[in-house]
Amino acid sequence: EESFRQSLSLDTIMQSIQSTVVVERFSFKRSCAGSSRKTFAQKRTVLNTPNAVNKVSFKVENKSVLIVNTNGGGHANIGFWLSKTLASAKHDVTLCVVGEETDKKMQKAPFTYFEKDLKPMGVKTMWSNPADLKSNLSGAKFDIVCDNNGKDLDSVGPVAEFAKEAGAEQFFFVSSAGIYKPTPTPPHVEGDAVKETAGHAIVEKHLVDMKFPKGMASFRPQYLTGYGSNKDCEEYFFDRIQRGKPIVIPGSGDQFASVSHAEDLATMIASAVDNANAKDEIFNCVTQKGVTLRGMAEVCAKAMGKEATIVTYKEGSVEGVEAKKQFPFRVVHFYASSAKAMAKLGWEPKHPNLEATLKDRYAEYCASGRDKKEMTFELDEKVLATL
């Protein structure tokens, strides 16, 4: 630091000293899964140099947080991990799952983990439809409300209205990077064009217009994995490699994708708590690195200690086979940059090593007994029969 200061002119040093800001925030870098993780404040001094990001001084205090969580799909795990992350930082968390507790979907992860993972941390769980929040939580007050469920104003609007009545200072929205228009030059950045009809984009604008005291923040995830995930992603590859079957990929296999651990997405959202740099901002909620579809097959095989056979075919070339039904990933580039979140929120992923994450997932896969189940891959066979 001393050599750095000596390289600046006297005027620059004086300007830097005058505009130095101190940031105090909780760090979420340590795991909250099965550990005695402690929360601590981290101070950071930022100099007013051309390449520095000035941060407004703030200190995170314990907040009352409501998370409205989807009852299915990959995004359900984001709310689960966000609850763990915030509770471990001593925030008061209520996790509201959309629908009813008796729904058959509750028999799957991450919902089956609530009892052993969330309740011991003090997380309160409940079930309610967005339109019923006002009656089911009548009189309740929350500092922050996060919608990890809605895709349009019809579903998010009631949650945002409730948040206003509950006195929320911040509103977080889990959007989707699927709203970006396809690009031949990945990764996507936050200013890229989005589809005109995308409900998520309409919601983002509406939330800004609602003018929450400390603003809204929107997070656009892509594919996710990690403990608690219940939507087949890596399992597609595990199923075939485990049984000595080829991985059949539509297109060249060189399409890029983002595959992130759900905990990393949760810690990014958590880093926006009381953070002035998050006010009315949109962030790609993804890990640092991308992976090609061919690379995903290779990394899965390596995590399993096996070899993968990879076959590619031209999308739409096989009658009766739709790529989106035969393969779990999009056939275009679906890869975004997290540089903005890293710069503005001071966030960084805890799980940057995809192979290590997939090793854990493969262990869970085998423990569940899925590795021994009888399976057929009819769509794959139709494609292979034409090659």
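Reader: Before we start, what counts as a nonpolar core here?
Author: A nonpolar core is a set of buried Ala, Val, Leu, Ile, Met, Phe, Trp, Tyr and Cys residues joined through side-chain atoms within 4.5 Å. Buried means under 20% relative accessible area, exposed is over 50%, and partly exposed falls in between (1.4 Å probe, protein chains only). This is a predicted model, where local features need pLDDT of at least 70 and side-chain atom pairs count only at pLDDT 80 or more, while totals for chains, interfaces and linings use all residues. Residues are numbered from 1 along each chain as its sequence is written, and side-chain values use heavy atoms, with hydrogens and water left out.

Reader: OK, which residues touch the most other members of the largest core?
Author: Phe172 and Phe219 do, in a core of 41 residues. Helix α3 (residues 76-88) gives the most to this core, seven residues. Helices here are DSSP runs of H or I, at least four residues, and strands are runs of E, at least two, numbered from the N terminus.

Reader: And what is Phe172 in contact with?
Author: Leaving out neighbours within four places in sequence, Phe172 is in contact with Ile144, Val145, Cys146, Asp147, Ala217, Phe219, Ile269, Ala272 and Val273. Contact means heavy atoms within 4.5 Å.

Reader: Switching topic: how many aromatic pairs are there?
Author: The whole structure has 23. Rings of Phe, Tyr and Trp (its six-membered ring) pair if their centres lie within 6.5 Å; planes under 30 degrees apart count as stacked, over 60 as edge-to-face, and the rest as tilted. Take Phe80 and Tyr227: their ring centres are 6.2 Å apart and the planes sit at 50°, so that pair is tilted.

Reader: Where do those two lie?
Author: Phe80 lies in helix α3 and Tyr227 in the loop between β9 (223-225) and α8 (234-242), so the pair ties together parts 147 residues apart in sequence.

Reader: Is Phe80 buried or exposed? And what about Tyr227?
Author: Phe80 is buried, with a relative accessible area of 0%. Tyr227 counts as partly exposed, at 22% relative accessibility. Ring pairs also link both of them with Trp81, Phe111, Tyr113, Phe114 and Trp127 into a cluster.

Reader: Which lysine lies over the face of Phe212?
Author: Lys164, at 4.9 Å from the ring centre. A charge sits over a ring if NZ of Lys or CZ of Arg is within 6 Å of the ring centre and within 35 degrees of the ring normal. Lys340 likewise lies over the face of Phe283, at 5.2 Å from the ring centre.
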